[in-house]
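Visitor: Hi, could you walk me through this one slowly? I have not looked at it before.

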Amino acid sequence: MRPRSNSLFHFTNNENFLFDIFKSGFWPRYCLEDIEWQGFPKFEFVAFPMVCFCDIPLSRITEHTELYGSYGLGLTKEWAERNSLNPILYISPNSGLSESILANMNFAAKSCENIDESDTNDQVDESRFLVAHIKPTYGKMVKEEKSFERDFYQESEWRYIPRSTEILTHLTHSEFNETDSIDIANYKSKKYCSLKITPNDVAYIFVPTDLDIPKVINFIRAELGEYSNNDLMVLYSRIVSIETLNGDM
């Protein structure tokens, strides 16, 4: 069995989210991240704008879809590289590497004290961008307002973290919980930083059951008319149900 897939997978629990990806691209929403490994309990969670993918083998897809949903896409790694996606760094909270990263971040923060404000902001933003690509090997995950323990290392995660002056680099936990703050932040991230795809980028289109396949075919036929018939035929061929995959694994 291959330890990694040649494709990057993204799953959701809603068919309309899947259809929106085809029309508007992947939407980098703000997601709460466990940063307790940094040793600052006051800032246990911070929200960064991101789209998450994984390259786990298809034989492990079921455990992933049970948490994230059974609608999804598989994209080529060539597409991922063109769009600056990167595997995240998993860090053991009490490791020497963790201590080294924190020491370098503290050094950068102290160095900013003697430079002008714009350079200070740049340094801080670079540190936050680095942190947005780091997860503890094991930590807390928030889903549907519930926090639970999760073995993150098993997820083989890649991320798209947008960089744009039009959006906020992060939200605090309290800002994330404020409806106005999170709605405005997510609106801007979708408007300025959505990650586009074309039919040639798609390796898989996942649906929960065989009965869901006609809905996707009808959507492609009705809503993606800007593509050639050959492109649409390729998309039809990419559709597979989790139900069928589970029967063959």
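Guide: A definition to begin with: axes are lines fitted to C-alpha atoms, for helices over the stretch in contact, and angles run from 0 to 180 degrees between N-to-C directions. Helices (H or I, at least four residues) and strands (E, at least two) are DSSP runs, numbered from the N terminus. This is a predicted model, in which local features need pLDDT of at least 70 and side-chain atom pairs count only at pLDDT 80 or more, while totals for chains, interfaces and linings use all residues. Residues are numbered from 1 along each chain as its sequence is written, and side-chain values use heavy atoms, with hydrogens and water left out.

Visitor: OK, at what angle do H8 and H9 pack?

Guide: The angle between H8 and H9 is about 165 degrees, and their axes are 10 Å apart. That makes H8 roughly antiparallel to H9, given that angles under 35 degrees count as roughly parallel, over 145 as roughly antiparallel, 65 to 115 as roughly perpendicular and the rest as oblique.

Visitor: And which residues make that contact?

Guide: Ile217, Ile220 and Arg221 of H8 make it with Leu232, Leu235 and Tyr236 of H9, where contact means heavy atoms within 4.5 Å. The residues of this contact of H8 with H9 divide into five nonpolar, no polar and one charged. Here Ala, Val, Leu, Ile, Met, Phe, Trp, Tyr, Cys and Pro count as nonpolar, Asp, Glu, Lys and Arg as charged, and the others, Gly among them, as polar.

Visitor: How does H1 pack with H8, then?

Guide: Helix H1, residues 15-24, and helix H8, residues 213-223, pack at an angle of about 30 degrees with their axes 11 Å apart. That makes H1 roughly parallel to H8. From H1, Glu15, Phe19, Phe22 and Lys23 meet Lys215, Val216, Phe219 and Glu223 in H8. The residues of that contact of H1 with H8 divide into four nonpolar, no polar and four charged.

Visitor: Which residues of H8 are buried?

Guide: Val216, Phe219 and Ile220 are buried in H8, where buried means under 20% relative accessible area, exposed over 50%, and partly exposed in between (1.4 Å probe, protein chains only). Seen down the axis of H8, these buried residues fall within an arc of 95 degrees, so they line one face of the helix; the arc is that of the directions from the helix axis to the C-beta atoms. On the other side of H8, Arg221 and Ala222 are exposed. The buried residues of H8 pack against H1, strand S12 (202-207), helix H9 (229-237) and strand S13 (239-241).

Visitor: Switching topic, what is the phi of Ser84?

Guide: Ser84 has a phi near 65 degrees, which is a positive value in a residue other than glycine. Most residues other than glycine have a negative phi. Ser84 sits in the loop between helix H3 (77-82) and strand S5 (86-87), and at 60% relative accessibility it counts as exposed.

Visitor: What about Ser156, buried or exposed?

Guide: Ser156 counts as buried, at 8% relative accessibility. Its phi is positive too, at about 50 degrees, although Ser156 is not a glycine, and it lies in the loop between strand S9 (146-151) and strand S10 (157-160).

Visitor: Last one: what does Arg128 touch?

Guide: Leaving aside neighbours within four places in sequence, Arg128 is in contact with Phe48, Thr169 and His170. Arg128 belongs to helix H5, residues 117-131, and is partly exposed, with a relative accessible area of 28%. Arg128 and His170 are 42 residues apart in sequence and 8.0 Å apart in space, C-alpha to C-alpha.
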